[in-house]
Amino acid sequence: IEVIGWGAFEGCRGLYGELRLPENLKSLGQAAFSGLVNMVGSIEIPQQVTTIEELTFSGSGFNGTLTLHDGITSIGEGAFSGTALKGELHLPKNLEVISKESFCGCDFSGTLVIPKTVRQIGAKAFAYNWRLMGTLEIPEGVLSIGSGAFAQCRMLEGVIFPESLESIKYEPSWGEDGGAFQNCFGIGRIVCKGKIPAYVQDGCFNGVPKDNFTLEVPEGYEAQYQAAAGWREFKRI
């Protein structure tokens with residue numbers, strides 16, 4: 001089998017056990033395995049599949065580890081959202097796009113490493129992965145971080161923002177997960193490499209203890225951050 005089409009097994013609640021994808025598989029359609037609530041175990045993406053379409057495994061019962069090979073360049077909206085996949089998440093080194101809700105509501109742990117090739121992190125991309133920890137470094141080249149991208153990742157310890165970053169977003173209608181780093185209570189260090197402050201919508205850092213640490217910015221540019229929306233909420237810059 002080389003192609004599994006759009007919605008091929010979507011909502012097949014009578015299927016149970018583990019999933020083994022064939023080595024010759026070249027294409028996985030949107031929502032192909034969405035809603036398989038009684039399926040368990042790990043997911044390994046075959047080498048010839050380079051794009052994970054939207055909702056491919058969303059809302060399924062897979063609760064093992066996820067193996068993504070380095071040839072994958074794009075992960076679609078909600079591709080793994082709402083699955084209980086656990087263990088460390090190793091993103092493909094050639095990944096360019098992390099779409100909206102790609103890994104929202106999973107159970108990944110450890111330190112998340114964003115590949116240097118990524119240019120965009122979508123809304124709620126990693127929201128509710130509360131076991132992620134350590135310092136998250138956003139690579140140079142990323143221009144925007146979507147609303148709720150890391151919301152409720154409350155064990156993150158720090159974030160490093162690149163010089164290229166232009167905006168961090170907030171969607172007030174989403175409530176507890178509207179801010180890109182909302183309720184990331186564990187953050188105790190933020191480093192900004194940009195001399196020009198990225199545009200930050202009010203609410204992006206709701207729940208981050210802004211008076212517990214010093215926001216680190218390039219020397220001589222403290223005044224710009226002290227006057228910038230979003231950043232001026234931090235007590236020490």
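Okay, housekeeping before the tour. It's a predicted model, so local features need pLDDT of at least 70 and side-chain atom pairs count only at pLDDT 80 or more, while totals for chains, interfaces and linings use all residues. Residues are numbered from 1 along each chain as its sequence is written, and side-chain values use heavy atoms, with hydrogens and water left out.

We've got an open sheet of 7 strands with parallel pairing, and the order runs 4-6-8-10-12-14-16. At the edges sit strand 4 (51-52) and strand 16 (199-200), each pairing on one side only. For the terms: strands are DSSP runs of E, at least two residues, numbered from the N terminus, and two strands pair if DSSP finds at least two bridges between them.

Strand 14, residues 167-168, pairs with strand 16 in the parallel sense over 2 bridges. There you'll find Ser 167 opposite Tyr 199 of strand 16.

Strand 7 (residues 86-88) and strand 9 (residues 107-111) are a parallel pair with 3 bridges, and Gly 87 has Phe 108 in strand 9 as its bridge partner. Strand 9 also pairs in the parallel sense with strand 11 (residues 131-137), again over 3 bridges. On that side, Thr 111 is bridged to Met 133 in strand 11.

On to the loops, and a bit of backbone geometry. Most residues other than glycine have a negative phi. Glu 101 is in the loop between strand 8 (97-98) and strand 9. Asn 183 does something along those lines: its phi is positive too, about 60°, and its loop is the one between strand 14 and strand 15.

So are these two buried or exposed? On our scale, buried means under 20% relative accessible area, exposed over 50%, and partly exposed in between, with a 1.4 Å probe and protein chains only. Glu 101 is partly exposed because its relative accessible area is 26%, whereas Asn 183, at 10%, is buried.

Gly 188 has a relative accessible area of 40%, so it counts as partly exposed. Not counting residues up to four places away in sequence, Gly 188 touches Glu 157 and Phe 213; a contact here is heavy atoms within 4.5 Å. Gly 188 and Pro 92 are 96 residues apart in sequence, and their C-alphas are 28 Å apart in space.

One more loop residue: Lys 124, between strand 10 (120-121) and strand 11. Its relative accessibility is 14%, so Lys 124 counts as buried. Leaving aside neighbours within four places in sequence, its contacts include Glu 101, Trp 174 and Asp 177.

Last stop, the largest pocket, with about 280 Å³ of space. Among its 15 lining residues, the closest to the centre are Leu 21, Glu 23, Glu 44, Ile 45 and Pro 46.

Key
Helix = DSSP H or I, 4+ residues; strand = E, 2+ residues; numbered from the N terminus. 1 Å grid on protein atoms, 1.4 Å probe; cavity = no way out; pocket = protein on both sides within 12 Å on 5 of 7 lines; lining within 4 Å. Points joined across faces, edges and corners; volume = space filled by probe spheres on them.
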